[in-house]
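Here's a quick briefing to read with the model open beside you.

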Amino acid sequence: GMVLLTDTTISSGATSAIFDISTNDVCILDLIRLIHTTAAGANLLVYFGTAVDTFTTSSVYSTSFDTTVYSNAHYTVASNPDSAAYIYLHYNAAQWGGGTGEYCDGRLFITGGTYPSLNFHSGHVHKDGMAKCRTVGSAFCNSSSNHTHMKIELSTGTFTSGKMKLYGVS
């Protein structure tokens, strides 16, 4: 079953949230109605950490598939084959619009410890024309260190509201 570990209300002005993922082999993080302030757009970044204040900033590999719906659908496949510092939860740095009603909702399936990984899906409003975007992806951190924490951070700007709920899966 799933056990609620952390229920975090995102305060206005926050730029990130840090979660302890060490208590369960698998965790699920729900992103609920997140809103940020950057009208030009932003992205959510994920970092794996070996402590609450120490995060791995290399050897992260990810891929995602994005579908954006304007008047017709188009899609983009994005990958990060090189050693990056973080995982993008949207297609690019400025895809998620920042304004009233431009929500982001999503779910991350997280495996911590050595060689942490995640699978994710998210829905958000595009910064141009209120288009709806859906992104699915996966990521892997090629590090044998024991990763006990995860940070969700805005690429730019600050949050205005939202919730993040972390569950442990047994």
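A disulfide here is a pair of cysteine sulfur atoms within 2.5 Å, and the structure holds zero of them. What you're looking at is a predicted model, where local features need pLDDT of at least 70 and side-chain atom pairs count only at pLDDT 80 or more, while totals for chains, interfaces and linings use all residues. Residues are numbered from 1 along each chain as its sequence is written, and side-chain values use heavy atoms, with hydrogens and water left out.

**Overall build**

- The protein has zero helices and 13 strands, where helices (H or I, at least four residues) and strands (E, at least two) are DSSP runs numbered from the N terminus.
- Read from the N terminus, the element order is simply β-β-β-β-β-β-β-β-β-β-β-β-β.
- Of the 170 residues, 46% count as buried; buried means under 20% relative accessible area, exposed means over 50%, and partly exposed is in between (1.4 Å probe, protein chains only).
- Contact means heavy atoms within 4.5 Å, and residues 24 or more positions apart make up 78% of the contacts with a separation of 6 or more.
- The accessible surface is about 7,600 Å², with 52% of that belonging to carbon and sulfur atoms; the areas come from the Shrake-Rupley method with a 1.4 Å probe, and for residues only the protein chains shown count as cover.

**The nonpolar core**

- A nonpolar core is a set of buried Ala, Val, Leu, Ile, Met, Phe, Trp, Tyr and Cys residues joined through side-chain atoms within 4.5 Å.
- The largest one has 30 residues, and those with the most contacts inside it are L29, L44, L108, I110, L118, M150 and M164.
- Strands giving two or more residues to this core include β2 (16-20), β4 (44-51), β9 (104-111) and β13 (159-169), and the largest share, four residues, comes from β3.

**Rings and charges**

- Rings of Phe, Tyr and Trp (its six-membered ring) pair if their centres lie within 6.5 Å; planes under 30 degrees apart count as stacked, over 60 as edge-to-face and the rest as tilted.
- A search of the whole structure turns up four aromatic pairs.
- One of them is Y47 with F55, edge-to-face at 6.5 Å centre to centre and 65° between the planes.
- Y47 also pairs edge-to-face with Y86, at 5.7 Å centre to centre and 65° between the planes.
- Y47 lies in strand β4 and Y86 in the loop between β7 (73-84) and β8 (87-88), so this pair ties together parts that are 39 residues apart in sequence.
- Y47 is buried at 12% relative accessible area, F55 is buried at 17%, and Y86 is partly exposed at 28%.
- Y47, F55, Y86 and Y88 form one aromatic cluster.
- A charge sits over a ring if NZ of Lys or CZ of Arg is within 6 Å of the ring centre and within 35 degrees of the ring normal.
- The charged end of K151 sits over the ring of Y47, 5.0 Å from its centre, and R33 lies over the face of Y103, 4.4 Å from the ring centre.

- Most residues other than glycine have a negative phi.
- R33 has a positive phi, near 50°; R33 lies in strand β3 (residues 26-36) and is partly exposed at 43% relative accessibility.
- S59 has a positive phi too, about 60°, and is found in the loop between β5 (54-55) and β6 (60-69).

**Cysteines and a few other spots**

- C27 is buried at 1% relative accessible area, and C133 is buried at 0%.
- M2, in strand β1 (residues 2-9), is partly exposed at 42%.
- M2 and C27 are 25 residues apart in sequence and 8.6 Å apart in space, C-alpha to C-alpha.
- Not counting residues up to four places away in sequence, M2 touches I28, R107, Y167, G168 and V169.
- A131 lies in the loop between β10 and β11 and is buried at 1% relative accessibility.
- A131 and W96 are 35 residues apart in sequence and 9.9 Å apart in space, C-alpha to C-alpha.
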